[in-house]
2 protein chains.
Amino acid sequence: MHGLGQRARQASQEMAVADTAIKNRALLAIADALETDRSQLKFVNTRDLDAGRERGLDAAMLDRLELTDDRIDAMIEGLRQVAALPDPIGTIDDMKYVPNGVQVGKMRVPLGVIGIIYESRPNVTVEAASLCLKSGNAVILRGGSESIHSNQAIARCIQQGLAQAELPEDAVQVVETVDRAAVGVLITMPEYVDVIVPRGGKGLIERISAEARVPVIKHLDGICHVYLDDRADHAKAVRIAINAKTHRYGVCNAMETLLVHQNVAQPLLRELSGLYSQKGVELRGCPVTCEILPNAVAATEDDWSAEYLGPVLAIKVVLDMDEAIAHINRYGSHHTDAIVTEDFTRARRFLREVDSSSVMVNASTRFADGFEYGLGAEIGISTDKIHARGPVGLEGLTSQKYVVLGDGHIRQ
Amino acid sequence: MHGLGQRARQASQEMAVADTAIKNRALLAIADALETDRSQLKFVNTRDLDAGRERGLDAAMLDRLELTDDRIDAMIEGLRQVAALPDPIGTIDDMKYVPNGVQVGKMRVPLGVIGIIYESRPNVTVEAASLCLKSGNAVILRGGSESIHSNQAIARCIQQGLAQAELPEDAVQVVETVDRAAVGVLITMPEYVDVIVPRGGKGLIERISAEARVPVIKHLDGICHVYLDDRADHAKAVRIAINAKTHRYGVCNAMETLLVHQNVAQPLLRELSGLYSQKGVELRGCPVTCEILPNAVAATEDDWSAEYLGPVLAIKVVLDMDEAIAHINRYGSHHTDAIVTEDFTRARRFLREVDSSSVMVNASTRFADGFEYGLGAEIGISTDKIHARGPVGLEGLTSQKYVVLGDGHIRQ
């Protein structure tokens with residue numbers, strides 16, 4: 001692992017000063033290599049799938065592991081999209097003259113070496129590599145042991161693309177060993193790795209955060225709320241409450257708890273209950289909710305901090321917006337929370353007082369996403385406050401340095 | 001310590017939404033309290049000084065510990081300056097409509113609770129508290145045991161100011177115990193502390209970085225370089241090389257190694273040598289330097305990565321700018337490095353390729369400072385790349401959250 005780290009550090013110095021055109025050429029060459037190797041990729045992938053079935057992986061795991069034609073198409077398309085994005089590196093912002101006479105500005109630079117640790121989905125190999133490459137970083141990829149053959153085959157395509165653009169092949173390295181101890185080493189060598197991005201289940205992320213000696217850009221829970229205010233437009237409230245819960249269940253920006261102002265709880269909950277029933281959503285309510293909705297089961301204290309990632313919804317009727325905000329800041333995971341209201345002052349207060357990475361007015365929590373926000377790409381969503389918060393695009397993989405221009409200026 | 005943390009977390013929620021005018025009122029009231037308690041502060045400070053003398057602290061430590069009238073004036077003036085700075089909290093940047101129809105922007109928010117760990121200088125208590133307060137954070141201050149009485153007296157002034165502005169007194173807490181284990185607890189409770197800023201010697205900072213379970217904004221070494229190119233203006237080269245080394249010795253942005261292009265080494269080093277001699281600067285040179293300057297002693301490998309913090313300078317004659325950049329990126333501490341040249345293309349390359357938190361052309365490294373850069377304040381200089389890099393002002397104590405405004409928008 002230390003050799004890997006050393007080579008990555010070396011490659012990162014070349015990557016940091018690589019021209020945009022060369023980085024784009026590599027991305028497009030990788031896309032071409034994937035197209036050329038398509039049948040080989042699918043063949044190798046069947047080895048991982050067979051091994052996975054033997055090891056008794058469940059259907060969901062096997063599904064994530066599979067490289068279908070559609071997924072290979074998506075990888076290729078993704079590479080082309082990243083090539084088309086503006087290059088953040090070298091951008092100089094806020095250049096200005098300061099009173100001592102020099103000019104001071106900030107230039108965007110790569111972080112250096114990024115370690116990505118992920119599970120099962122081999123397409124992450126391409127996604128993560130392309131974002132690190134475009135942002136001028138070197139990357140060390142550590143996928144799950146269950147997708148090792150697929151990842152190695154994809155890595156060969158990436159190496160080809162890098163070689164064609166005459167970029168260092170060590171700019172993207174895939175950890176070959178399936179030894180779990182390798183992860184422990186990867187996250188504890190700050191001399192070679194500048195930041196770790198874990199992508200996967202909560203268990204993986206908690207373990208890595210606890211043991212890392214390197215900064216971690218991470219996302220833990222997505223316990224998202226929608227608060228329906230008594231000054232909400234009824235139709236918007238219903239539309240957003242349904243979309244935030246039922247558009248997709250297994251995603252971090254799906255609503256897990258619905259908060260409703262007491263004055264509008266009766267009409268809203270009755271209408272929503274019917275719609276949720278049609279979609280097969282189980283409702284768990286506070287005592288007032290259960291009075292209004294006979295089909296709701298009583299929520300326990302645990303329900304207020306549950307991330308169901310499925311067709312279950314906790315519902316609480318609140319006295320007013322203050323109670324809603326207090327509930328969100330206490331039980332939420334500081335990910336994404338929305339208010340539905342037509343009241344200007346309340347909207348303004350909600351935006352200020354809710355302490356989450358995305359705070360919304362009259363919009364579905366499902367919008368919390370790098371692509372929806374116009375970042376053009378997403379390496380993950382951060383629920384931390386340090387460095388990057390919310391959806392993390394190319395900029396989250398960069399830092400800034402001060403540039404100072406003078407004409408022989410000295411400090412007095 | 002956990003009780004302290006819990007109270008800080010609680011207070012941070014009130015601080016995050018406090019009006020700018022109220023925060024400023026608190027800052028000015030603290031300044032008034034320091035003025036009123038001036039003689040009391042000096043009296044209490046003598047207790048720390050007496051105890052320090054008994055414990056055999058050296059003269060430099062005792063000097064840093066002393067609260068003179070000038071230093072109290074500076075604390076008061078500092079508070080008034082921070083009150084006059086624009087409030088970063090609540091600022092919304094980059095608000096724009098995105099293709100799905102919603103508006104997306106970023107609002108600046110406080111980090112939450114900041115832990116500051118520092119040694120001897122009691123004026124840090126006021127400096128750190130004022131910056132945390134203005135940026136809407138709660139702060140836990142842990143000063144050195146040698147300044148405990150001075151820090152407590154200053155803390156009482158801060159409490160008075162907070163109370164007068166009706167802000168929670170727990171927004172600024174001073175750790176009362178001199179037990180060293182308290183630091184170990186403070187840096188390992190991520191549930192209550194969002195970031196640690198250590199200020200002090202390298203030993204302190206290394207120990208904290210190694211043991212912290214909380215992000216650390218830190219500054220380790222300042223091994224700064226000036227490279228005199230063969231296309232440098234002679235007068236500018238001399239002026240900057242003298243200023244960067246001799247303006248002040250014990251500071252992190254002082255030059256520690258001078259690199260000189262071989263074509264101009266003779267005339268530049270001969271002139272500089274005389275000027276350095278006048279100032280009593282000891283020169284340690286590479287073999288070529290020692291040939292040119294008989295008064296230079298031979299540098300060892302260790303000299304290239306030494307932070308002298310005193311009147312000693314390492315000098316190396318290089319073949320060209322490539323060697324200079326390679327030397328800086330290898331031996332430097334990624335703090336601040338400067339080139340002196342009139343060559344446009346080389347200036348442009350140096351800015352891009354040197355991997356330091358501040359990179360300069362034709363200016364003294366001594367400018368690397370929050371006040372000189374126009375930040376209005378400085379909590380420290382970060383040599384990390386994550387979150388904040390270079391001089392850290394109020395903005396480094398903040399994060400951003402996404403705000404999303406819609407009109408009933410749902411994800412398709």
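**Helix α13 of chain A**

I began with what covers the buried residues of α13(A) in this predicted model. The cover includes the strands β7 (224-228), β8 (255-261), β11 (312-318) and β12 (336-340), together with helix α14 (344-353), of chain A. I then listed the buried residues of α13(A), which spans residues 321-331: M321(A), A324(A), I325(A), H327(A), I328(A) and Y331(A). Their arc around the axis is only 160°, so they lie on the same side of α13(A). I also looked at the start of α13(A), where a side-chain oxygen of D320(A) comes to within 3.3 Å of the backbone nitrogen of D322(A).

**Nonpolar cores**

Next I looked up the largest nonpolar core and found 146 residues in it. I116(A) and I116(B) have the most contacts inside this core. For I116(A) I noted the contacts beyond four places in sequence: A128(A), C132(A), V139(A), I140(A), L141(A), R142(A), V197(A) and I379(A). There is a second, separate core of 45 residues, and I found L228(A), V281(A), L283(A) and V317(A) among its members.

**Two copies**

I laid chain A on chain B and noted an RMSD of 0.0 Å, reached by a turn of 180° with a shift of 0.0 Å along the axis. The two copies are therefore related as by a two-fold rotation axis. I looked for the C-alpha of chain A nearest that axis; it belongs to H387(A) and is 1.9 Å away from the axis. I also compared the contact residues: 100% of those of chain A recur in chain B, and the same surface serves both copies.

**A165 of chain A**

I placed A165(A) in the loop of chain A between α7 (148-164) and β5 (172-174).

**S12 of chain B**

Last, I turned to S12(B), which sits in helix α1 (residues 2-16) of chain B. With a relative accessibility of 7%, S12(B) counts as buried. Which residues does S12(B) contact, leaving aside its neighbours within four places in sequence? I found G112(B), V113(B), G136(B) and A138(B).

How values were computed. Residues numbered from 1 in each chain as written. Chains lettered and ligands numbered in written order. Predicted model: local features only at pLDDT ≥ 70, side-chain atom pairs only at ≥ 80, totals over all residues. Heavy atoms only, no water. Helix = DSSP H or I, 4+ residues; strand = E, 2+ residues; numbered from the N terminus. Buried < 20%, exposed > 50% of the residue type's maximum accessible area, 1.4 Å probe, protein only. Contact = heavy atoms within 4.5 Å. Least-squares fit on C-alpha atoms with pLDDT ≥ 70 in both. Arc of directions from axis to C-beta. Polar contact = N/O pair within 3.5 Å; in protein donor to acceptor, adjacent residues only side chain to side chain. Core = buried A, V, L, I, M, F, W, Y, C linked by side-chain atoms within 4.5 Å.
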